[in-house]
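Q: Could you walk me through this one? I'd like to start with how the chains touch each other and then look at some details.

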Amino acid sequence: MIGRIRSQAIDTSRFLTDWMEHRTGIVTMMEHFLYEPVPKRGAWLYTLGSATLFCISLQFLTGILLLFYYVPTTDHAWDSIYYIMEEAYFGTLIRGIHYWSANFLLVFIGLHMAQVFFSGGYKAPRELNWVVGVVLLLLVIVLAFTGYLLRWDQDGFWASVVGMKIGSYSPFVGGATIHFLLGGDVTGPATLSRFFAIHVWLLPAALAPFIGIHLYLLRKHGVFGSEFEYSDRLAKLHERQRLELYESYEENGHEEIGETNLGRRNREERDRRE
Amino acid sequence: MYAPATGKAKPVEEEVITEENVFDRPDETIGFFPKQVLYDLFVSTLILIACCVLSYLSPAPLTEPADPATITYIPRPEWFFFFYEQMLMFFPGYALIGFGAVVVPTIFVGLLFAVPWLDTGPQYSPLRRPFATVIGLLVVVVVVLNMLMAVARIINFPGQ
Amino acid sequence: MAELQKDPMTRGDFLGFGILGTIVGAILTIPPAAFVLAPIIDVDILGKSDVPEGPDDWFEVGPIAEITEEEPKFFKVDFPVEQIYAEPKVQEESGISKEEFVVESALWVSWRTEILGDGTYGQSYRPSFLDNYDGGTLTEEQVQEAQENLNVLSSSCAHLGCPVRWILREGEGELLCPCHGGIYNINGEYVAGPPPRDLYRYTHEVREDGKLYVRHEFDVGGENGPQEPYVI
């Protein structure tokens, strides 16, 4: 009896998997996404990137949830957040996760960036992934800046006043910058509406595709990791080069020493000369 | 559609390692699933738990409603802008404010974008490209020092 | 997978892309740009303001007799703000909102004080008729004297807009910005720190009832050319 149910269940699940695979190709896609060789030695180090992604996902999720109660007007913004904190079920938690994961996000972005910089992970052919990463960093910084005002409390308001005034010192476009952010020429209802639109729609909408590109490029070129991931191969290479050098000594004497030992750059230069 | 990542074309034994392909594949690999996903999940879980615990231990702040006409409130940036705020102290006066607040950060961001083209050498290890490493460490040190100075200034502000 | 079919692009195709692209592009860029950049168009190009700034738009600050010689007095003025949904026309026609939308502004008002060579304060130019002023009508000369000797300062620091405060240091008072430590004297003149100029002064008027009135207008001039206060 149990055996029959079991075999039927297996048949059904196999049928459903095949059905989905035939129509969407999802199984192949999942296999492609999941079974990828990644560097082993620094595996814990590369969780920095995924931690960043996780924090951003938390931002999207809790941000959408907060919008169920938040009101972006000067007379109700503070009240609505007060309501979230004091009255809404798990309001403290939802807003707390939004706040704290934003802080963690900036920490992890910094660490992730430092890791990539010091391990040289931005070198060819991964230059554009670094560039996309810098774009993401800037977007997150502007998101952090614009989100602060939405509380419409003393901290957020004054930090934004200072931030906008800093923008007014931009050469040539100072006035336009600050009037764009203010939505007029004084801080008022328009300022909050603008920051709301920028924080909630404009920047997340810009952020999402860049995250997609970042991940696509990551998969295209693979995780570089760090040089210690390649130490065995480098050792083998150097060993072979040394042997070739000795051989060229024995065969040709001194004139053509080191031809095989030339680095990639020198070889390119030589090719260009020829 | 998807180009294969980290070249897995040839079996290890046949491959002749050259300058060109030495960085094609790491010495040792693991499958992304399940191990790496598990590590990622572990870190993510820690973050989520930390967020939950901190949400109740130190709830997201909400100070008094905004009062544009206050004279007692001291505006302070969030911690990740401390170093930037501190930097503004070093650019006083009409001629320098715009330079320090906008031009210098813009140049810095421009250089950040250009990093892959400023450091094109074949070396990856931070020890074998000391120039980039020293510059990177210098940036980190300047940011941290500025942060500490900002904290010191905020703590020592009269009337706080 | 099917081979990519690469038809050549004809003249007509090219023209079609050009025309249709221009139409779609123009509709999707110009109106949205004007929609979003409205403040820049209004303020920077048309010179409009969100606060009534006409010659008749004076707002009461307070009685000048309350301002003492030794220190500036803090006043609060509510300027009505005509911004998006807060515009009076919108509010009036909808009739829903009960709130009046204002820009609250903090002002420091002091009597002009002589600054001695070493930076200490000398004689104050507080009009002597105020010593025993009982709230009656002022004469034209008295109005003139009071108006000339008042510093009507915005509390927004000329550096980055933080609210300046009055503090006493070694017996001398000064206006201190808590953000980056900009210091101004009792007249609102720059003394030390990063600010690029003196505190912003409101256009003000003393009237016969002994009260001070201001307009939402500032002296933008300075040693380094005009500089807008922006955030106040």
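Q: How many residues of chain C are in contact with chain B, and how many of chain B are involved?
A: In this predicted model, 19 residues of chain C are in contact with 18 residues of chain B. On the side of chain C that touches chain B, the elements giving two or more residues are β2 (73-80), β3 (102-111) and β7 (165-169) of chain C.

Q: Which element gives the most there?
A: That is β3(C), which gives the most to the side of chain C that touches chain B, with four residues.

Q: And what classes of residue are on that side of chain C?
A: The side of chain C that touches chain B has ten nonpolar residues, together with five polar and four charged ones.

Q: OK, what about the contact of chain A with chain B, how many residues does it take?
A: That contact takes 76 residues from chain A and 65 residues from chain B. Helix α5 (residues 91-119) of chain A gives the most to the side of chain A that touches chain B, with 14 residues, and by class this side of chain A has 41 nonpolar, 16 polar and 19 charged residues.

Q: Which strands of chain A and chain B are joined by bridges?
A: Strand β1 (residues 37-39) of chain A and strand β1 (residues 29-31) of chain B run antiparallel and are joined by three bridges. If you want a place to look, A:Pro37 stands opposite B:Gly31 in β1(B).

Q: What holds strands together in a sheet, in general?
A: Strands of a sheet pair through backbone hydrogen bonds, and they may do so either parallel or antiparallel.

Q: Back to chain C then: what is the strand order in the open sheet of four strands?
A: The order in that sheet is β7-β8-β9-β10 (chain C), with antiparallel pairing. Its edge strands are β7 and β10 (190-192) of chain C, each of which pairs on one side only.

Q: How many bridges join β7(C) to β8(C)?
A: Five bridges join these two antiparallel strands, β7(C) and β8(C), and one pair to look for is C:Arg169, whose bridge partner in β8(C) is C:Glu172. The hairpin of β7(C) and β8(C) has two residues between the strands, and in this hairpin C:Glu170 takes a positive phi near 50°.

Q: And how many bridges are there between β8 and β9 of chain C?
A: Strand β8 (residues 172-176) and strand β9 (residues 183-184) of chain C pair in the antiparallel sense over two bridges, and C:Leu176 has C:Ile183 in β9(C) as its bridge partner.

Q: What about the open sheet of three strands, what is its order?
A: That sheet has the order β2-β3-β6 (chain C), again with antiparallel pairing. The edge strands are β2 and β6 (150-154) of chain C, each pairing on one side only, and neighbouring strands of this sheet are turned by 35° against each other on average, if direction is ignored. Between β2(C) and β3(C), which run antiparallel, there are eight bridges, and the bridge partner of C:Phe74 in β3(C) is C:Trp108.

Q: Switching to helices: how do α6 and α7 of chain A cross?
A: The axes of helix α6 (residues 127-149) and helix α7 (residues 154-167) of chain A come within 7 Å and cross at roughly 130°, and therefore α6(A) and α7(A) are oblique to each other. The crossing in which α6(A) passes α7(A) is left-handed.

Q: Which residues make that contact?
A: From α6(A) they are A:Phe145, A:Tyr148 and A:Leu149, and from α7(A) they are A:Gly156, A:Phe157, A:Ala159, A:Ser160 and A:Gly163. By class, the contact of α6(A) with α7(A) has five nonpolar, three polar and no charged residues.

Q: Which peptide bond is cis at A:Pro125?
A: The cis bond joins A:Ala124 and A:Pro125, with omega about 5°, and A:Pro125 has its place in the loop between α5 and α6 of chain A. In chain B, the peptide bond from B:Phe33 to B:Pro34 is cis with omega near 5°, and B:Pro34 lies in helix α1 (residues 32-57) of chain B.

Note on methods
Residues are numbered from 1 along each chain as its sequence is written. Chains are lettered from A and ligands numbered from 1 in the order in which they are written. This is a predicted model: local features need pLDDT of at least 70, side-chain atom pairs count only at pLDDT 80 or more; totals for chains, interfaces and linings use all residues. Two residues are in contact if their C-beta atoms, placed from the backbone, lie within 7 Å. Ala, Val, Leu, Ile, Met, Phe, Trp, Tyr, Cys and Pro count as nonpolar, Asp, Glu, Lys and Arg as charged, and the others, Gly among them, as polar. Two strands pair if DSSP finds at least two bridges between them. Axes are lines fitted to C-alpha atoms, for helices over the stretch in contact, and angles run from 0 to 180 degrees between N-to-C directions. Angles under 35 degrees count as roughly parallel, over 145 as roughly antiparallel, 65 to 115 as roughly perpendicular and the rest as oblique. A crossing is left-handed if the near helix is turned anticlockwise from the far one by less than a right angle, and right-handed if clockwise.
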